[in-house]
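Hi,

Here is the structure I promised to send over. Have a look first, and my notes follow below.

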Amino acid sequence: TYISRHHVHATQIQSPAYYYSLFPSLLSSEAIEVDKMRSEPICRALSVLMLGFLVAAVRGGNFYREVDVTWGDGRAKILDNGGLLTLSLDKTSGSGFQSKREYLFGKVDVQLKLVPGDSAGTVTAYYLSSQGPTHDEIDFEFLGNQSGQPYTLHTNVFTQGKGNREQQFRLWFDPTKDFHTYSILWNPRHIIFAVDGIPIRDFKNLERLGVSFPRTQPMRLYSSLWNADDWATQGGRVKADWSKAPFVASFRGLLAEACPTPPGCGSGAAWLNQQLDATSQRRLRWVQNKYMIYNYCGDTKRFPGGLPLECTRAAALH
């Protein structure tokens with residue numbers, strides 16, 4: 001599925017000079033003030049200024065500015081002056097896009113309206129990923145179903161090429177009727193998945209227990225709509241009905257508050273230290289108690305030699 005969803009990406013890393021070139025007028029105005037300072041404060045001021053450039057540079061909701069359509073032979077379309085992007089799937093091909101920049105940590109929101117009607121066999125994927133056989137990845141995948149049956153929201157976290165950390169959910173609304181916001185918060189301590197601002201999963205940094213955590217490999221944002229009818233719906237028993245094609249998923253409101261690489265964000269972005277407060281933890285428990293349908297941490301048949309370390313009692317205490 002990694003190859004099917006990704007197709008081919010080209011790694012594009014910009015130099016620090018590139019980010020300065022994005023905002024020359026702002027740099028000039030700041031330089032007037034900076035000229036009055038001594039050398040050490042100048043360095044600090046420029047660091048703060050650069051942080052502002054980096055975070056601001058990736059904010060916004062215009063798909064022309066933020067993403068490249070990477071595959072699909074015209075099946076992906078950017079509409080409404082860059083405010084809307086649609087992906088489509090037919091029997092010949094799906095389609096997909098990726099962010100223009102790589103990030104090392106960030107908070108990414110996108111509003112998504114899923115394929116309506118009979119969506120069996122289709123998968124709409126929205127995820128962060130690095131490159132190569134030891135890649136890191138943070139996944140939202142929406143597994144289609146027959147008409148009248150609910151979507152499955154599938155989440156996973158890969159570190160150093162290893163996944164097998166699936167949690168699956170039903171949603172408490174029809175995700176095909178309107179746009180809903182799906183968010184990934186990735187900082188050095190947490191990966192938090194959220195739906196309409198409600199957390200559904202918190203993957204914590206437990207490196208002290210020997211659990212790897214994605215914190216060294218920059219990632220891009222990817223999205224795709226593709227045919228997975230060999231496994232996506234009821235384990236592959238229900239296939240895609242191609243007479244209903246093209247299947248279409250719609251995206252808007254992309255907002256990435258993130259740190260492009262190089263050189264990173266420093267410590268000034270609030271989300272870099274964000275974690276769940278007491279209210280958010282209660283919401284998380286509500287979702288997991290009521291809407292979670294699979295948790296790898298409870299699958300003792302799958303892990304007969306013992307559950308993964310992050311599923312143990314020691315992990316729960318951290």
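Is E137 buried or exposed? E137 is buried, with a relative accessible area of 0% (buried means under 20% relative accessible area, exposed over 50%, partly exposed in between, with a 1.4 Å probe and protein chains only).

Before you read on: this is a predicted model, where local features need pLDDT of at least 70 and side-chain atom pairs count only at pLDDT 80 or more, while totals for chains, interfaces and linings use all residues. Residues are numbered from 1 along each chain as its sequence is written, and side-chain values use heavy atoms, with hydrogens and water left out.

Back to E137: UniProt, in an unreviewed entry, puts the feature "active site" at E137 and E141 (positions are in the numbering used here, feature names are shortened, and annotations may be inferred rather than shown by experiment). E137 sits in strand β7, residues 137-143, and E141 is in strand β7 too. (Strands are DSSP runs of E, at least two residues, and helices are runs of H or I, at least four residues, numbered from the N terminus.) E141 is buried, at 4% relative accessible area. The side chains of E137 and H135 make a polar contact of 2.9 Å; that term means a pair of N or O atoms within 3.5 Å, where within protein one must be able to donate a hydrogen and the other to accept it, and residues adjacent in sequence count only if both atoms are side-chain atoms.

Next, S183, which belongs to strand β10 (residues 180-186). S183 is buried at 8%, and its side chain has a polar contact of 2.6 Å with the side chain of D109. Beyond its neighbours within four places in sequence, S183 is in contact (heavy atoms within 4.5 Å) with residues including Y126, F140 and I192.

Then there's β3, residues 84-89: six of its six residues are buried, so β3 is largely enclosed by the rest of the structure. L84, T86 and S88 are buried on one side, and L85, L87 and L89 on the other. Strand β2 (residues 77-79) runs antiparallel to β3, with three bridges (strands pair if DSSP finds at least two bridges between them). K77 has T86 as its bridge partner in β3. β3 also runs antiparallel to strand β14 (residues 247-260), through six bridges, with S88 opposite V248.

As for the whole chain, there are seven helices and 15 strands, and 51% of the 318 residues count as buried.

Cheers
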